[in-house]
Amino acid sequence: MPGLVLRVLAEPGTAVTAGQPILVLEAMKMEQTVSAPADGVLAELHAKAGDQVSTGQVLAVLEAPPAEKPAPEPGGH
């Protein structure tokens, strides 16, 4: 739904967790929070406070968190 970006709560490059608020929109006189759908890193943010956004517009891009390296096995080379 179209709306106005009221607040940005995370910056690109920030690690986020599933459900963490990223930004707050006002649409039809109601505030709507846009949250991270999964754990990851906020790679791109395509809106700032005061921007008018449209239905279907991509507001943020989330990348998967970096894979953890497995611990070396004891006695391995």
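Trainee: Which residue in β3 is the bridge partner of Leu4?

Mentor: Glu26 is the bridge partner of Leu4 in β3. Leu4 also has a bridge partner in β6, namely Gln52. This is a predicted model, in which local features need pLDDT of at least 70, side-chain atom pairs count only at pLDDT 80 or more, and totals for chains, interfaces and linings use all residues. Residues are numbered from 1 along each chain as its sequence is written, and side-chain values use heavy atoms, with hydrogens and water left out.

Trainee: What makes β1 and β3 a pair?

Mentor: Two strands (DSSP runs of E, at least two residues, numbered from the N terminus) pair if DSSP finds at least two bridges between them. Four bridges join β1, residues 3-8, to β3, so the pair meets that cut-off. The strands run antiparallel, and Val5 stands opposite Leu25 in β3.

Trainee: How do you know that β1 and β6 pair?

Mentor: Two bridges join β1 to β6 (residues 52-53) in the antiparallel sense. The requirement is at least two, so this pair passes.

Trainee: How many bridges join β3 to β4?

Mentor: Six bridges join β3 to β4, residues 30-35, and the two strands run antiparallel. Leu23 stands opposite Val34 in β4, while Pro21 faces Ser35 of that strand.

Trainee: What is the order of the four strands in the open sheet?

Mentor: The order is β4-β3-β1-β6, with antiparallel pairing. β4 and β6 each have a single partner strand and stand at the edges, so one side of each is left without a neighbour in the sheet.

Trainee: In what order do three strands form an open sheet?

Mentor: That sheet runs β2-β5-β7, and its pairing is antiparallel. Its edges are β2 (15-16) and β7 (60-63); each has a single partner strand, so one side of each lacks a neighbour in the sheet. Four bridges join β5, residues 40-45, to β7, where Ala60 is the bridge partner of Leu45.

Trainee: Why is Met28 called exposed?

Mentor: Exposed means over 50% relative accessible area, buried under 20%, and partly exposed in between (1.4 Å probe, protein chains only). Met28 has a relative accessible area of 70%, so it counts as exposed. Lys29, at 81%, is exposed as well. Met28 lies in the loop between β3 and β4, and Lys29 is placed in that loop too. Phi is near 55 degrees for Met28, a positive value in a residue other than glycine; for Lys29, also not a glycine, phi is near 65 degrees.

Trainee: What makes β3 mostly covered?

Mentor: Five of the seven residues of β3 (residues 21-27) are buried.

Trainee: How many residues does the largest nonpolar core have?

Mentor: The largest nonpolar core has 12 residues, including Val5, Ala10, Val16, Ile22 and Leu59. Such a core is a set of buried Ala, Val, Leu, Ile, Met, Phe, Trp, Tyr and Cys residues joined through side-chain atoms within 4.5 Å. β3 and β5 are the elements that give two or more residues to this core, and the largest share, three residues, comes from β3.

Trainee: Which residues does Ala47 touch?

Mentor: Ala47 touches Val5, Val8, Val53 and Leu59, with residues up to four places away in sequence not counted. Contact here means heavy atoms within 4.5 Å. Ala47 is itself one of the residues of the largest nonpolar core.
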